[in-house]
Amino acid sequence: MLGKDYENQDCAIARALEVVGERWTMLIVRDAFYGVRRFNDFQAHLDIPKAVLSDRLAGLVDEDILERVPDPQHTGRHLYELTRAGRDLWPVINALLAWGGRHRQTNSRLFRHATCGTRLDDAGHCPECDVTPAPEAIVTERRRGRGRKRRDPVSVALQEPHRLLEPLET
Ligand SMILES: [Zn+2]
């Protein structure tokens with residue numbers, strides 16, 4: 001199996017990729033920003049094998065990107081919440097969304113500044129307020145005409161405008 005570290009690379013990008021460079025990891029982090037917190041919801045939205053999801057979630061907990069907390073609604077189960085280091089990945093997710101939208105496929109979601117409702121630019125900046133809002137102050141919504149294909153509970157919940165990091169009601 002191919003290792004996931006780059007031990008001979010003396011570079012911060014190598015250290016970051018050791019944390020988030022595996023397949024699926026960044027999509028799990030994206031979903032955590034969208035408010036997904038339960039194993040079953042990640043699984044339903046990402047369609048990945050449970051063993052892979054378990055492995056990636058455990059890795060993200062080990063790396064202090066996600067924190068496991070008891071699920072008050074389901075005894076014995078857990079919720080996964082972004083840590084401070086995890087929340088610091090928002091600009092990375094946003095930059096990948098912007099790059100993908102510009103060079104590969106129009107993004108299926110829009111992002112607005114919660115305070116004023118203005119669309120954020122590709123850098124995540126609000127031109128109206130001249131600030132770059134933290135994820136808590138960003139509202140995401142479905143781009144018109146996009147994203148209706150999937151019927152899993154997470155996709156359905158994400159049809160409505162929703163603040164990043166606010167727990168998703170599924
Ligand atoms: Zn604004």
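**Close-up views of pockets, a cavity and an enclosed strand**

**View 1. The largest pocket holds about 830 Å³ of space.** Among the 24 residues of its lining, R30, Y34, L97, N107 and S108 lie closest to the centre. The model is predicted: local features need pLDDT of at least 70, side-chain atom pairs count only at pLDDT 80 or more, and totals for chains, interfaces and linings use all residues. Residues are numbered from 1 along each chain as its sequence is written, and side-chain values use heavy atoms, with hydrogens and water left out. A pocket is an open set of points on a 1 Å grid over the protein atoms alone, with protein on both sides within 12 Å along at least five of seven lines, and lining residues have an atom within 4 Å of a point. A volume is the space filled by probe spheres set on the points, which are joined across faces, edges and corners.

**View 2. Helices contribute to the lining of the largest pocket.** α2 (25-33), α3 (39-46) and α6 (90-103) each supply at least two lining residues; helices (H or I, at least four residues) and strands (E, at least two) are DSSP runs, numbered from the N terminus. The largest share, 5 residues, comes from α6. By class, the lining has 8 nonpolar, 10 polar and 6 charged residues, where Ala, Val, Leu, Ile, Met, Phe, Trp, Tyr, Cys and Pro count as nonpolar, Asp, Glu, Lys and Arg as charged, and the others, Gly among them, as polar.

**View 3. The second largest pocket has a volume of about 240 Å³.** Of its 14 lining residues, A98, N107, F111, D122 and R143 are the closest to the centre. α6 gives the most to this lining, with 5 residues, and β3 (109-113) supplies at least two. The lining comprises 5 nonpolar, 3 polar and 6 charged residues.

**View 4. The largest cavity has a volume of about 40 Å³.** A cavity is a set of grid points where a 1.4 Å probe fits but cannot get out. The count comes to 1 cavity of 30 Å³ or more. G35, V36, R37, R38, D41, P167 and L168 line the largest cavity.

**View 5. Strand β4 (residues 138-142) is largely enclosed by the rest of the structure, because 5 of its 5 residues are buried.** Buried means under 20% relative accessible area (1.4 Å probe, protein chains only). I138, T140 and R142 cover one side, and V139 and E141 the other. β3 and β4 run antiparallel and are joined by 5 bridges; R112 has V139 as its bridge partner in β4. V139 also stands opposite R163 in β5.

Key
Buried means under 20% relative accessible area, exposed over 50%, partly exposed in between (1.4 Å probe, protein chains only). Two strands pair if DSSP finds at least two bridges between them.
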